[in-house]
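Work through the exercises below with the sequence and the model side by side. Try each task before you read its solution.

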Amino acid sequence: MSKKYIICVDDEKIVLESLKTELKEQFGKEFRIETADNATDAMELIDELLREDSEIPVVISDYVMPLIKGDELLKNIHAVSPKTLKILLTGQATMEGVTNSINNANLYRYIAKPWETKDLSMTVTEAIRRFFQEKQLEIQNAQLRELNAGLEKKVEERTREIQEKSELLEQKNVELLQKNKDITDSLYYAKNIQKALLSSEQALFEFFPDSFVYNRPRDIVSGDFFWLRGIDDYVLIAVADCTGHGVPGAFMSILGVTLLNEITTIDSSLCANTILTKLRQNLLAALRKGQTANEPKDGMNIALCLINRKTGDSRYSGAYHPVVICKANNSDYPVEIKGDRMPIGHYPVENEFSETQFQLSEGDSLYMFSDGYVDQFQHNSDKKFMKRQLMQVFHEINKLPMNRQLAEISSRMEKWKGNTPQIDDMLVVGFRFMPKW
């Protein structure tokens, strides 16, 4: 019986020992945990284990290391052990590095440092399960091929015409099933990577404990995203709707988050409208498109708020998407602050985005949303939900705790659309402002 190994590679010995300790505690009874602090030692270790016919279900590698980065190491490992599941573990990986790992090393998962023990354990557990599941599937496929060979021998007496048609049909069915599996698996891999890169609901709860995120992608991956960043006493929060949905929208969302992170890292003192203006400039540069009218209008609509968590002094800038505010001290209809009617993308006149200042008081509720919710058709009808109806919902529910508001947002949409297919990604974010001293 061959030995089974989990390999960890990191040039920081403290990180490597911590990683080994956690994995050994969780998987030490069934797997041997081996480590290497550089790419050369890692490749020598893997070559030695493969010569001994050992099994290596999982390799976990840091990204930033001397001489060779983690994505290139995983690419080299994939060349000698393609069935091994690869996990990139770092807080500094670039989009180019992640993409290189996906394309050339069949990256299974990207986990940011510092990792969460539960997330790491679940990821490694699922990777191990998939490794041995695919191994068993390979055995079964070999048995199936052997059986098919025997059946083909038995039907050799049939006419050539029937045999050719049967073989062609079988080939097409196998190709179709495999292509469907490949596409579905790739989408789920992409979902894991997208989830790791985008802001989480937990991050929103840390800034605003009484909050909710209603996120309903139309497909496995989504073109809608929300983004958070804390800078001193301020928090930046954005809700965006990228062109398209599914895979194209997901790629655009990852590009949007990457650019927002870069812009606010370079200059943390930017105003909301300046961030959107720079986002548009950088997005257009990244897409490298000209100005011809026939080209697709790739981009996004977005609402962005800059909020002082102590004083409630706030600024808003938007590309089509508004923000809605329900004041705690009265029962007036919600206040809508509208954005500029131009997208983050190509537009005939690319003016500077405007900025609106507003004041949040203790207990005020703020809502941001993409178009998917308001554009959804009603069951057995051509009526859309529309923004005015969503505003009325906010008016009715804003005094409830945010978890109950989430339940209302969800149940009302389910009742509205019934069995009607969802036409777009849906994202609604709400939170109650409570000063944080």
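## Exercise 1: A helix crossing

H1 passes H5 in a right-handed crossing. The model is a predicted one.

**Task.** Classify the angle between H1 and H5, and list the residues that meet.

**Solution.** 
- Step 1. Locate the helices: H1 covers residues 13–27, and H5 covers residues 117–154.
- Step 2. Take the geometry. The two axes come within 11 Å and cross at roughly 60°.
- Step 3. Apply the cut-offs. Roughly parallel needs an angle under 35 degrees, and roughly perpendicular runs from 65 to 115. H1 and H5 are therefore oblique to each other.
- Step 4. List the contact. H1 contributes Leu-19, Glu-22, Leu-23, Gln-26 and Phe-27. H5 contributes Thr-117, Leu-120, Ser-121, Val-124, Thr-125 and Ile-128.
- Step 5. Sort by class. The contact of H1 with H5 has six nonpolar, four polar and one charged residues.

## Exercise 2: Length and packing of H9

**Task.** Check the span of H9 against its residue count, then name what its buried residues pack against.

**Solution.** 
- Step 1. H9 runs over residues 272–287, which gives 16 residues.
- Step 2. At 1.5 Å a residue, the span should be 22 Å. The end C-alpha atoms are 23 Å apart, which agrees.
- Step 3. Collect the buried residues of H9: Ala-272, Asn-273, Ile-275, Leu-276, Thr-277, Leu-279, Arg-280, Leu-283 and Leu-284.
- Step 4. Consider the spacing. An α-helix has 3.6 residues a turn, so residues three or four places apart point the same way.
- Step 5. Name the partners. The buried residues of H9 pack against strands E8, E9, E10 and E13 and helix H8.
- Step 6. Look just past the end of H9. Arg-288 takes a positive phi of about 55° there.

## Exercise 3: The H11 and H12 pair

**Task.** Give the angle, handedness and contact residues of H11 and H12.

**Solution.** 
- Step 1. H11 (residues 387–397) and H12 (residues 402–417) pack at about 145°, with axes 11 Å apart.
- Step 2. Their crossing is right-handed.
- Step 3. H11 brings Gln-389, Leu-390, Val-393, Phe-394, Glu-396 and Ile-397. H12 brings Gln-405, Glu-408, Ile-409, Arg-412 and Trp-416.
- Step 4. The contact of H11 with H12 holds six nonpolar, two polar and three charged residues.

## Exercise 4: Backbone exceptions in loops

**Task.** Where does Leu-67 lie, and which peptide bond is cis at Pro-114?

**Solution.** 
- Step 1. Recall the background. Most residues other than glycine have a negative phi, and most peptide bonds are trans.
- Step 2. Leu-67 sits in the loop between strand E3 and helix H3. Its phi is near 70°, a positive value. Leu-67 is exposed, at 92% relative accessible area.
- Step 3. The bond from Lys-113 to Pro-114 is cis, with omega near -10°. Pro-114 lies in the loop between strand E5 and H5.

Definitions and conventions:
Residues are numbered from 1 along each chain as its sequence is written. This is a predicted model: local features need pLDDT of at least 70, side-chain atom pairs count only at pLDDT 80 or more; totals for chains, interfaces and linings use all residues. Side-chain values use heavy atoms; hydrogens and water are left out. Axes are lines fitted to C-alpha atoms, for helices over the stretch in contact, and angles run from 0 to 180 degrees between N-to-C directions. Helices (H or I, at least four residues) and strands (E, at least two) are DSSP runs, numbered from the N terminus. Angles under 35 degrees count as roughly parallel, over 145 as roughly antiparallel, 65 to 115 as roughly perpendicular and the rest as oblique. A crossing is left-handed if the near helix is turned anticlockwise from the far one by less than a right angle, and right-handed if clockwise. Contact means heavy atoms within 4.5 Å. Ala, Val, Leu, Ile, Met, Phe, Trp, Tyr, Cys and Pro count as nonpolar, Asp, Glu, Lys and Arg as charged, and the others, Gly among them, as polar. The expected span of a helix is 1.5 Å times one less than its number of residues. Buried means under 20% relative accessible area, exposed over 50%, partly exposed in between (1.4 Å probe, protein chains only).
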